[in-house]
Amino acid sequence: MTDPWQECMDHCVEIAKQAGKVIREALQGDIAVMHKSSQVDLVTETDQRVERLIISSIKAKFPTHSFIAEESVAAGAPSILTDDPTWIIDPIDGTTNFVHGFPFVSVSIGFTVKKEIEFGVVYSCIEDKMYTAHKGKGAFCNGLPIKVSGQEDLSCCLVLTEVAFKKDQQHLDSMMANLRSVLTIPVHGIRSPGSAAINMCLVASGAADAYYHLGIHCWDMAGGTAVLTEAGGVIVDISGGPFDLMSRRLIAASSAAVAERLASHIVDFHVGRDDAH
Ligand code: LIP
């Protein structure tokens, strides 16, 4: 039987490539930085331009589809996941890295149908690594199959997370407590690459064994969720319960055992939901 979403996925890979080229070219010039919710929540003209490029190209081909995209939401668009075929887009995941020329910058696109992830594409455009995954068909990096490490012992894991000060003392204290709790398990190490989508792909390809994050958004997770699960990884909520794309929390791991044990070491704190308003 032909796959009804294959054409969408092929288009997604093409548009991610084009977006990546625009981002690489922008890195050659001056980057004007603007701020969104705080002094450390950065956005550039390139984020906005790349998002317009991706959405207009998809709309021209699939006019009935829905969108949730980072910069459109920042400008007031709703962020509600429905049963419609929906493209969830982060034009530049790792904007702070982009601003500084730190080489983990990605275009992240996930596609859902009836609220389930159908496929995901994460293009780490400075490294030129195209991660792709389509439900039931495996995960790939530049066309070659990838899989998780399969590590089951958390104390042998390289763990990823992200650290950022959100101007909220309780958030900072909880984040530092979690770092301390995970470091003292002890694990082999903690790394913070700066692009959630790339973090998920690093776990998917076995370069890291686990990733946890509170305060992330659906557009940071959607593309990587497909890649991680199709590579044999496990995604759960920070509590260890079922993963919810709109919840702003996740643990992505090489095995259920690692996910479960990591969940038991992480203190929960309130981050709200993407679909709260
Ligand atoms: C960023 C994430 C990063 C996280 C930031 C932010 P953006 O996405 O990928 O890992 O630490 O809080 O959400 O804003 O560059 O698309």
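User: How many aromatic pairs does the count come to?

Analyst: This is a predicted model, in which local features need pLDDT of at least 70 and side-chain atom pairs count only at pLDDT 80 or more, while totals for chains, interfaces and linings use all residues. Residues are numbered from 1 along each chain as its sequence is written, and side-chain values use heavy atoms, with hydrogens and water left out. Rings of Phe, Tyr and Trp (its six-membered ring) pair if their centres lie within 6.5 Å; planes under 30 degrees apart count as stacked, over 60 as edge-to-face and the rest as tilted. By this rule, the number of aromatic pairs is six.

User: Why is the pair of W87 and F119 edge-to-face?

Analyst: A pair of aromatic rings is described by the distance of the centres and the angle of the planes. The ring centres of W87 and F119 are 5.8 Å apart, and the pair is edge-to-face because the planes stand at 75°.

User: Which strands hold W87 and F119?

Analyst: Helices (H or I, at least four residues) and strands (E, at least two) are DSSP runs, numbered from the N terminus. The pair ties together parts that are 32 residues apart in sequence, because W87 lies in strand 4 (residues 86-93) and F119 in strand 6 (residues 116-124).

User: Are W87 and F119 buried or exposed?

Analyst: Buried means under 20% relative accessible area, exposed over 50% and partly exposed in between (1.4 Å probe, protein chains only). Both W87 and F119 are buried.

User: On which side or sides of helix 5 do H171, S174, M175, N178, L179, S181 and V182 lie?

Analyst: These residues of helix 5 (residues 169-183) are buried. An α-helix has 3.6 residues a turn, so residues three or four places apart point the same way.

User: What covers the buried residues of helix 5?

Analyst: Contact means heavy atoms within 4.5 Å. The cover includes strand 10 (158-160), strand 11 (189-191), strand 12 (210-214) and helix 8 (256-263).

User: Which residues does V22 touch, not counting residues up to four places away in sequence?

Analyst: V22 has its place in helix 1 (residues 6-26) and counts as buried at 18% relative accessibility. V22 and L53 are 31 residues apart in sequence, yet 9.6 Å apart in space, C-alpha to C-alpha. Not counting residues up to four places away in sequence, V22 touches R49, V50 and L53.

Notes
Expected span 1.5 Å × (residues − 1).
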